[in-house]
Number of protein chains: 2
Amino acid sequence: MPVPRLETDEEEVLRANRAFYLALQSLDPNQMAAVWLHEDWVTCLHPGRELIRGWEEVFESWTNIFNSTTRLQATISRPMVRVAGDTAWVSCITSVTSSYEEGFETAAIENTNIFVRRGGQWRLVHHHTSILPGREPSGTTKVVQ
Amino acid sequence: MPVPRLETDEEEVLRANRAFYLALQSLDPNQMAAVWLHEDWVTCLHPGRELIRGWEEVFESWTNIFNSTTRLQATISRPMVRVAGDTAWVSCITSVTSSYEEGFETAAIENTNIFVRRGGQWRLVHHHTSILPGREPSGTTKVVQ
């Protein structure tokens with residue numbers, strides 16, 4: 001019987017990174033909460049906004065985003081991962097389409113995600129996004145009243 | 001005779017972070033080279049551009065930026081530092097004014113800088129910038145020919 005191959009650290013981190021984007025697509029604050037480390041120093045920079053610090057504030061920001069979004073699709077490309085002990089980071093591009101009551105928008109986003117390993121689990125501690133040049137949000141439509 | 005207090009890891013990392021912005025202001029590629037780890041996986045996202053990977057490519061990008069810039073001023077604010085073993089990251093805002101032959105521009109930039117400790121020195125391995133919302137580059141002037 002073949003012995004299942006153990007995941008490498010890099011594979012574990014990439015899985016944690018995918019779990020973050022699945023949580024994003026789920027629009028479920030609890031699924032997002034499962035991905036993050038819940039400490040007062042974690043930081044999050046949503047696209048085109050200012051940095052948020054502390055798990056409570058970060059959680060509130062996700063809840064607000066999810067409440068105002070009806071559907072969200074995120075496709076990951078060019079993931080690069082580095083692991084250094086119990087810290088790791090992923091650099092990746094995401095193509096994100098967000099749908100709202102009033103329409104939708106699409107953006108290509110450059111992401112830096114930093115993870116720390118606690119109790120054998122990789123937890124997100126820093127999320128930094130930039131909208132890529134020449135690929136500004138597009139596709140917004142307004143429903144005619 | 002008082003014993004000099006040793007720097008904490010956090011202080012060392014903040015010093016390495018300041019050294020990066022001093023290198024930026026110096027417009028000297030060699031001073032910038034002294035700040036980075038020279039490996040093929042280091043990554044750099046200049047404001048409004050796409051990610052560059054590998055020290056040779058990153059060095060070339062700095063050389064090109066410095067060649068086309070006549071003066072650069074960067075002021076750091078809101079530095080937040082985390083150290084985890086031999087890895088650390090700094091989140092900070094910089095107010096950057098770049099002068100060129102043709103004019104100048106000013107931007108407020110959100111930065112994520114990741115460092116690793118090698119041989120007792122903290123070296124920059126990832127630099128991610130985003131231009132802050134509502135503070136797009138401004139002040140560009142064109143010299144009338």
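Trainee: Is A:Trp36 buried or exposed?

Mentor: Buried. This is a predicted model, and in it A:Trp36 has 2% relative accessibility. The cut-off for buried is under 20%, so A:Trp36 counts as buried.

Trainee: Where does A:Trp36 lie?

Mentor: In a loop of chain A, between helix H2 (29-33) and S1.

Trainee: And what is A:Trp36 in contact with, beyond its neighbours in sequence?

Mentor: Leave aside residues within four places of it in sequence. Then the contacts of A:Trp36 include A:Phe20, A:Trp55, A:Val58 and A:Trp62. A:Val42, A:Thr43 and A:Cys44 are also among them.

Trainee: How far is A:Trp36 from A:Gly103?

Mentor: Their C-alpha atoms are separated by 29 Å. Along the chain the two residues are 67 apart.

Trainee: How many residues of strand S6 of chain A are buried?

Mentor: 8 of the 11 residues in that strand, which covers 121-131. S6 of chain A is therefore largely enclosed by the rest of the structure.

Trainee: In which sense do S5 and S6 of chain A pair, parallel or antiparallel?

Mentor: Antiparallel, over 10 bridges. S5 of chain A covers residues 103-118. One residue pair to look at is A:Thr112, which stands opposite A:His128 in S6(A).

Trainee: What about the hairpin of S5(A) and S6(A)?

Mentor: There are 2 residues between the strands. A:Gly119 in that hairpin takes a positive phi near 55°.

Trainee: Switching to chain B. What is the strand order in its sheet?

Mentor: S2-S1-S6-S5-S4-S3. It is an open sheet of 6 strands with mixed pairing.

Trainee: Which strands are at the edges?

Mentor: S2 (52-53) and S3 (71-84) of chain B. Each pairs on one side only. S2(B) pairs with strand S1 (residues 43-45) of chain B in the antiparallel sense, over 2 bridges. Within that pair, B:Thr43 stands opposite B:Arg53.

Trainee: Now helix H1 of chain B. Which strands does it lie across?

Mentor: S3, S4 (87-100), S5 (103-118) and S6 (121-131) of chain B. The helix covers residues 9-26 and runs at about 160° to S3(B).

Trainee: Which of its residues are buried?

Mentor: B:Val13, B:Ala16, B:Asn17, B:Phe20, B:Tyr21, B:Ala23 and B:Leu24. Seen down the axis of H1(B), they fall within an arc of 155°, so they line one face of the helix.

Trainee: Why would a helix do that?

Mentor: An α-helix has 3.6 residues a turn, so residues three or four places apart point the same way.

Trainee: What covers the buried residues of H1(B)?

Mentor: The cover includes helix H2 (29-33) and helix H3 (55-67) of chain B. S3, S4, S5 and S6 of that chain are included too.

Trainee: What happens just after H1(B)?

Mentor: B:Leu27 takes a positive phi of about 55° there.

Trainee: Last topic. What rotation superposes chain A on chain B?

Mentor: One of 180°, with 0.0 Å of shift along its axis. The RMSD is 0.0 Å. The two copies are thus related as by a two-fold rotation axis.

Trainee: Which C-alpha of chain A is nearest the axis?

Mentor: That of A:Ser130, 2.7 Å from it. The same surface serves both copies, with 100% of the contact residues of chain A recurring in chain B.

How values were computed:
Residues numbered from 1 in each chain as written. Chains lettered and ligands numbered in written order. Predicted model: local features only at pLDDT ≥ 70, side-chain atom pairs only at ≥ 80, totals over all residues. Heavy atoms only, no water. Least-squares fit on C-alpha atoms with pLDDT ≥ 70 in both. Contact = heavy atoms within 4.5 Å. Pairing = 2+ DSSP bridges. Helix = DSSP H or I, 4+ residues; strand = E, 2+ residues; numbered from the N terminus. Axes fitted to C-alpha atoms, helices over the stretch in contact; angles between N-to-C directions. Buried < 20%, exposed > 50% of the residue type's maximum accessible area, 1.4 Å probe, protein only. Arc of directions from axis to C-beta.
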